[in-house]
Structures are given as structure tokens and as C-alpha cells.
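Subject: The structure, and what turned up in it

Hello,

Here is the structure I promised to pass on to you.

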Amino acid sequence: MDYLPDETQRATAAEIVGDAEVARENYAEAIRWYAKTAALAGEEDLTVLASKVDETLEQFDREQLLALLAEYPETFPKTQLETHIAKMDMKTGELSAAQERLQALLDRQPLHPLAATWTAMVEQINEWLQVDMSKVGCILPLSGPYQAYGDRVLRGLAMAAQDINESAGPGPGIQLVIKDSRGDADTSVTAVRELAIGQKVAAIIGPLSRVAAEATAREAQGLWVPIITLTQKKGVSEVGSYVFRDSLSNEQQTRALVEYAVLELGYTRFAILYPNGGYGLRLVNLFWDELARLGAEVRGVESYEANQTDYADQIKKLVGLYYPRPEMEPSDDSRVIVQPETLSAELEVAPEAPIEEEPLPIVDFEAIFVPDGYEKVGLIAPQLAYHDVTGVRLLGTNLWNSPRLLEMAAPYLQGAVFVDGFFPDSRLPRTRDFVRRYQSIFGEMPGYPEAQAYDTLRLLGEALGQPGVNSRPLLRDALLEIRGLLGVAGTASVTPGGEVSKPPFLITIQRRRMREIHIDFETLRQRRATWEVFTGTQGPRAPGASPSDRDKQETTADRQHNPQELDQ
């Protein structure tokens, strides 16, 4: 008599095949084999099997889940499929559909092992549906060492709320709920919970500090409440889909500077003079990478210490004046043969002392990038001129933006260019109106913190005002759809990764004033793309410039593995 395996053995074999299909990433087939296993297995084996099914279903989108549910309308794994569809509906903001599906599961199977999970999900939906969509939480340092900065941000938020409410008409408008973070990460995390659960706010703005940003972002993500952080900390928005970041980043600054210098001015050769420290190294790497991306080259890099005030050595190294230059030996053709009869006459004349000429600097670059504060730049610029390093353009970051820079070194900074997230003297109508109204209310000129806060709340108000946005998940989706929103600090778009992207202001120094440079970066990029298509080259170069082997720049990773090369 032939041997026939019993149902237990067949169930084990089917489960093994299902495991193998998972390993092959053939998830749909795996579910089908697990369904065959469930039909043969006993009740005591279904718990482990259901766990495997749950893990596998994480790989499916909603349409794939619905297709599988059509295959198993009454049998295992119907319950698991419906549970995952409800979870997906909650994540996408389809709260009514999720609530209806979960309630049907509870009505049919009130004693099911997943009943407690379904109940918790229904309670979560009810809590979300009770959110006050007119409330916006704000976490700011209103006491402690960063109080002055927090006060400035609060002023910008208050102005934006007033403007939104005046334009809302009879609607609910926006109500700000303020929490003091005291500049502390733990206090900020507690504030997230109080705002999301206690105050039931629609979204949160803040915090400001790099230390608190990631911790609060994780808390907000866990509570599924949209949060727009105002920190420069890179990667915060990667915490989850509910986390956004609105702040001028170092990446945005270096990209704007390099694109302007290379694509608009046609520069291809650069030098870098930077402070030896974390900020300086980060900016050097970013600037260098942008140059490499556009096919430009770095001719020299020198660093200096934070407490340094004399930059002679660094400047001399950049232009070939630090080390002795080898003397040129005369060629055979240039030697003079002295006739004997003239030798005695020449010896009678006392020779004059030879005049030693100072070597001239070798300025083989068109611009110098100095990523430091205005105090240092105000010392460096005149010293460059003292060492005859002239005719080059200085480039800098938002740390330059101070009237003190003009007082210190305006004559030596003519034509210099730096970037910032806001320029109060801009000729843009929205910016001018904002500055005028802010001065009339607070009696002083606004800066980047006020403008950043104003635009962030206006951005949030734009998303809240979209039709049908009545839950936090739908608010998150509305934020991700924003493109080209005009603001006082530029035109904002939200990237799929949650970054609020704005082209920074380009500012130049003319005489003793700072003036805005109006540049359409998209036009510059399109011009470059067109050039590459028609010429097959990497991009337009300065007149007379030619490609060089030094165009092949090393990557950030290479320089990080060998950082001492930056000082050579």
C-alpha cells in the first residue's frame, strides 16, 4: 500500500513552501500557500501562521490587498487582510472607511484575538475625528538661553495668524496654542503629547533647536500629528511621513552660490578659505560637491583656527607666496660672453646693489568661498587686498548678513555675494509689505526668524484651507501637495520627503549697501541642460576657459577619509 502523508504533514509542507516564496519575495504566492496551510492545520497552529501572514502582508499596497481579499472572501486570511486594509486607510486619512471596516469586524467576531487591536484602532480614529482643525500648536523657547530667538519666531507666527484670520471671513480661522520648550528636548517631547492629545491640535510648528528636533519629530510621528520643525538639522523629515522641515539649509545655500557663480557668472576656478571646525568642514564639503556637480574646480583650500586674526600664511599659500619659488636658470642662449678688453673697464665701475623684486601672487581662481561669520570676513577681506589678491569675488553664507560687515570692510567687499533665507530690503512686493507692517507693529526691522515663522504658518494655513481637509492624515497629504506658494521669504514648495524648499536670497555688496540679486534658478538650470544637449559638454564655461584634469573632483567621502588634504 502506497504511503500517503496525513494532513499535519501536508500542512507543514505547505508552510515550508510559503516560507520559501517569502524568501523569493513572491509574496502573493506565499499568502496562497499559507492559506492552504490554514485549511489543513489545527487551531493551535493558526496563531503562528497568522503572525507570518501579517508580516508578509506588510509588503502589499491597498489594491493588492483588495485583490487577495477577493480570492478569500470567507476563509483565512480574510480577517488579516481586512485588518491591514483598515490600517492602510488610517494612514492615508480614509478614516470613515477604516472605521466602518473595523466596526464590521468587531460586530462579526467580538471574541477574536484581534478584537482588542480593532477596538484600539477605532478609538484612535474617534480621537482623530475629534481633532480641532482650527488649532495649531507651537513649541518655542520662550524662556532660557534661546528666549530672544523664540520671541522673534512668536512675533512672526502672530502676524501670520492675524492675516489668515482676517482673510478667513466667518470661518474658524486659526488659533495658536503656545508651549514653552525652555530649549530642552524632554520638555519639547512632553509638549508634543500635550498638544496632540490634550489640546487636539491639527498640527505643530517647532521646535527650533537641533537637539530637540529629532526627539519631538519621533513623538509626533508616533501620534500621527503633522509637525513642521524649524531646525537646520539635516534628516529630521526622514523620521516619518508626518514630519516636515522648514529652514534654510546649508545644502540650499551652497547650491545657490555655486549655481550663480558657475551658471550665471561663468566661473570655473575657485579657492576656499574656511574655519577649522565642524561648520567649516560641512560647508567646504557641500560647496566642493556642488562645484564637482557643475564641472568646476577647486584651485586651493586653506583652513584657519577660530581664534585667529592674522590670515597672512593662509592667503600666501593660496597664491603661491608662502614657500620660496625656485629660481629660473638662464638658458644657454641667454648667457653673455664678456670680452677680456672690457672686463677691466667694468671692474672700475662700482656695481649698484641689485633690486630684489617681490614675487607677484599667482591668482589662478575667480572666486573665494569664506564660510564664516561677518566678524571674520571683515578681517579677511582687507588682508586679501593687502597681499594683492584682488579682482576675485568673495562668496559667503547667511552668517555674513549683518550691517557690521559693511562698517568693517565695505571697500574690500565690492561685488561680494552671499546668501540668506530673508532680505528685508528686497524689492519683492510681499516682502516689502511684510517689513512695513512688522515695523509699524513692533518698531524694528524683521529678520529671518520672523519671516520663516510667518511663511511656515501661511503654508500650514494653505493646507488647512483645502477642501475636505478634516483630519491630520489629510492635512499631511495637503501639505505634500503644495507647490509654488508665494511668501515673504520666497516661493515655497514641499518635496515628497517633507522638506520645504525655497530658493535663498542672493545678496551682493555695492558701495556701502547690500542689494538683492534677482535670479531665476530654474532658468539657469534649464539653460545648462539645453547647453549639454546641444554641445555634449558638461556646461557653459567662462570665456577663454578650458577643461582641466582638475575638473575631476574627489567626493565628500574621499575627503572625509583623508581630511588633512583640505589643509594642503
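A residue is called buried here when its relative accessible area is under 20%, exposed when it is over 50%, and partly exposed in between (1.4 Å probe, protein chains only). By that rule, 46% of the 568 residues of the protein count as buried.

Before the details, a word on the source. This is a predicted model, in which local features need pLDDT of at least 70 and side-chain atom pairs count only at pLDDT 80 or more, while totals for chains, interfaces and linings use all residues. Residues are numbered from 1 along each chain as its sequence is written, and side-chain values use heavy atoms, with hydrogens and water left out.

**The whole protein**

The secondary structure comes to 21 helices and 15 strands; these are DSSP runs numbered from the N terminus, with helices being H or I of at least four residues and strands E of at least two. Contact means heavy atoms within 4.5 Å. Of the contacts with a separation of 6 or more, 66% are between residues 24 or more positions apart. The accessible surface of the protein is about 29200 Å², and 51% of that belongs to carbon and sulfur atoms; the areas come from the Shrake-Rupley method with a 1.4 Å probe, and for residues only the protein chains shown count as cover.

Helix H11 covers residues 250-264. The expected span of a helix is 1.5 Å times one less than its number of residues. H11 is mostly covered, with 12 of its 15 residues buried. Among them are Asn250, Gln252, Gln253, Glu259 and Tyr260. After H11 comes Gly266, with a positive phi near 80 degrees.

Ser247 is buried because its relative accessible area is 6%. Apart from neighbours within four places in sequence, Ser247 is in contact with Leu230, Thr231, Gln232, Gln252, Tyr448 and Gln452.

H17 runs over residues 429-442; its 14 residues should span 20 Å, and its end C-alpha atoms are 20 Å apart, which agrees. The buried residues in H17 include Thr431, Phe434, Val435, Arg437 and Tyr438. What covers the buried residues of H17 includes helix H8 (147-167), H18 and strand S14 (505-510). Just after H17, Gly443 has a positive phi of about 75 degrees.

Two packed helices are described by the angle between their axes and the distance between the axes. The axes of H18 (residues 448-464) and H19 (residues 472-480) come within 8 Å and cross at roughly 115 degrees. Here axes are lines fitted to C-alpha atoms, for helices over the stretch in contact, and angles run from 0 to 180 degrees between N-to-C directions. Which residues meet where H18 packs on H19? Leu459, Leu460, Ala463 and Leu464 in H18 meet Leu475, Ala478 and Leu479 in H19. By class, that contact has 7 nonpolar, no polar and no charged residues. In this scheme Ala, Val, Leu, Ile, Met, Phe, Trp, Tyr, Cys and Pro count as nonpolar, Asp, Glu, Lys and Arg as charged, and the others, Gly among them, as polar.

**Backbone details to look at**

There are cis peptide bonds to look up:

- The bond from Phe76 to Pro77 is cis, with omega near 10 degrees; Pro77 is in the loop between helix H4 (62-71) and helix H5 (78-91).
- The bond from Gly206 to Pro207 is cis, with omega near -5 degrees; Pro207 is in the loop between strand S3 (201-205) and H10.

Lys200 is not a glycine, yet has a positive phi of about 55 degrees. Lys200 lies in the loop between helix H9 (185-198) and S3, and is partly exposed, with a relative accessible area of 22%. Asp388 is not a glycine either, and its phi is positive, about 65 degrees. Asp388 is found in the loop between helix H15 (374-386) and strand S9 (393-396), and counts as partly exposed because its relative accessible area is 48%.

Best wishes
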